[in-house]
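This report describes the architecture of a single protein chain. Please consult the sequence and the coordinates alongside the text.

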Amino acid sequence: MNGSAIVQRFGGGSALARVLGLPARTVQSWNDKNIIPSKWIPRVHEAGQALDPPLFYADFFIEPEDTDASPQEERAGRAAADYELGYDEGVEQRARASSTF
């Protein structure tokens, strides 16, 4: 799921901003850029537990077969994976995957 889709799950940028206690323009920039910055993923994920259905960390990942994913979306997906796995393990896992033929 991309950043805009996650923002829309909360009813838009203003609604998510209220939930997180952030300025609406901050969250609107996420929506405009189509990413959730990695430092905010844990808080957005936590807030997303109240949604039906709830957000999962996997929702922050960009699927490899998604050819429309921008480089920013791909980085955001890697950041979410690093957070869930633990940064060092996520980086190590990507390094192993890139060296596999």
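Three residues of helix H3, namely Val27, Trp30 and Asn31, are buried, where buried stands for under 20% relative accessible area, exposed for over 50%, and partly exposed for what lies in between (1.4 Å probe, protein chains only). Because these residues span an arc of only 100° around the axis, they lie on the same side of H3; the arc is that of the directions from the helix axis to the C-beta atoms. Arg25, Asp32 and Lys33 are exposed on the other side of H3. The cover over the buried residues of H3 includes H1, H2 and H4. Helices (H or I, at least four residues) and strands (E, at least two) are DSSP runs, numbered from the N terminus.

Asn31 belongs to H3, which comprises residues 24–33, and has a relative accessible area of 15%, so it counts as buried. Apart from neighbours within four places in sequence, Asn31 is in contact with Ser4, Val7 and Gln8, contact meaning heavy atoms within 4.5 Å. The C-alpha atoms of Asn31 and Ile6 are 8.6 Å from each other, although the two residues are 25 apart along the chain. After H3 comes Asn34, with a positive phi near 65°.

## Model and confidence

The model is predicted: local features require pLDDT of at least 70 and side-chain atom pairs count only at pLDDT 80 or more, whereas totals for chains, interfaces and linings use all residues. Residues are numbered from 1 along each chain as its sequence is written, and side-chain values use heavy atoms, with hydrogens and water left out.

The chain has a mean pLDDT of 79, and 60% of its residues reach 70 or more; pLDDT is the predictor's confidence in each residue, from 0 to 100. Confidence is highest in helix H2 (residues 13–20), with a mean of 95, and lowest in helix H6 (residues 87–99), with a mean of 60.

## Overall composition

The chain contains six helices and zero strands, giving the pattern α-α-α-α-α-α along the sequence. Of its 101 residues, 37% are buried. Among contacts between residues at least 6 apart in sequence, 47% join residues at least 24 apart.

Not counting residues up to four places away in sequence, Trp30 touches Leu16, Leu20, Leu22, Ile35, Ile36, Pro37, Trp40 and Val44.

The buried residues of H2 are Gly13, Ala15, Leu16, Ala17 and Leu20, and they pack against H1, H3 and H4. Gly21, with a positive phi near 70°, follows H2.

## Aromatic pairs

Two aromatic pairs are found in the whole structure. The ring centres of Trp30 and Trp40 are 6.0 Å apart with the planes at 40°, so this pair is tilted. Because Trp30 lies in helix H3 and Trp40 in the loop between H3 and H4, the pair ties together parts ten residues apart in sequence. Both Trp30 and Trp40 are buried. Rings of Phe, Tyr and Trp (its six-membered ring) pair if their centres lie within 6.5 Å; planes under 30 degrees apart count as stacked, over 60 as edge-to-face and the rest as tilted.

Tyr57 and Phe60 also form a tilted aromatic pair, with 6.4 Å centre to centre and 45° between the planes. Tyr57 counts as buried at 16% relative accessibility, and Phe60 is buried with a relative accessible area of 4%.
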